[in-house]
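Please keep the sequence and the 3D view at hand while reading.

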Amino acid sequence: NNSKTIIMFRDNIETSWVEISGKLKEKFSKLKEADLLFVKGKEEELIRKIQLRLLKSRREVLEIIGTL
């Protein structure tokens, strides 16, 4: 369920984004620091930046983050 994924994403992002972003950078070297800058309330913008950099769908990005 997409809304469930978003809720889990928001929970993860607020509690451990430093760890998650570090793992994303290790796994995807093309991600830049600016792509991973978290601003509370701007989660959708963050997802879009990652999507554009990785050329992945929104769903794929959320799945990747969910597995880290």
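**Salt bridges and helix packing**

Glu45 has a relative accessibility of 34% and therefore counts as partly exposed, a class that lies between buried (under 20% relative accessible area) and exposed (over 50%), using a 1.4 Å probe and protein chains only. The model is predicted, so local features need pLDDT of at least 70 and side-chain atom pairs count only at pLDDT 80 or more, while totals for chains, interfaces and linings use all residues. Residues are numbered from 1 along each chain as its sequence is written, and side-chain values use heavy atoms, with hydrogens and water left out.

**Salt bridges**

- The model has six salt bridges, each defined as a side-chain nitrogen of Lys or Arg within 4 Å of a carboxyl oxygen of Asp or Glu.
- Glu45 takes part in one of them with Lys49, at an N to O distance of 3.8 Å.
- Lys49 and Glu45 are four residues apart in helix α2, which means that about one helical turn separates them; helices are DSSP runs (H or I, at least four residues) numbered from the N terminus.
- Lys49 is partly exposed, with a relative accessible area of 30%.
- Another salt bridge joins Glu33 and Lys25, whose closest N and O atoms are 2.7 Å apart.
- In that pair, Glu33 is exposed at 55% relative accessible area, whereas Lys25 is partly exposed at 30%.

**A link between two helices**

- Glu44 and Arg58 form a salt bridge through their side chains, with 2.8 Å from N to O.
- This pair links distant parts of the chain, since Glu44 belongs to helix α2 (residues 43-54) and Arg58 to helix α3 (residues 58-67), 14 residues apart.
- Both partners are partly exposed: Glu44 has a relative accessible area of 27%, and Arg58 has 23%.

**Packing of α2 and α3**

- Helices α2 and α3 pack at an angle of about 100 degrees, and their axes are 9 Å apart; the axes are lines fitted to C-alpha atoms over the stretch in contact, and angles run from 0 to 180 degrees between N-to-C directions.
- The two helices α2 and α3 are therefore roughly perpendicular, a term for angles of 65 to 115 degrees.
- Glu44, Ile47, Ile50 and Gln51 of α2 meet Arg58, Val61, Leu62 and Ile65 of α3, where contact means heavy atoms within 4.5 Å.
- The contact residues comprise five nonpolar, one polar and two charged; Ala, Val, Leu, Ile, Met, Phe, Trp, Tyr, Cys and Pro count as nonpolar, Asp, Glu, Lys and Arg as charged, and the others, Gly among them, as polar.

Methods. Angles under 35 degrees count as roughly parallel, over 145 as roughly antiparallel, 65 to 115 as roughly perpendicular and the rest as oblique.
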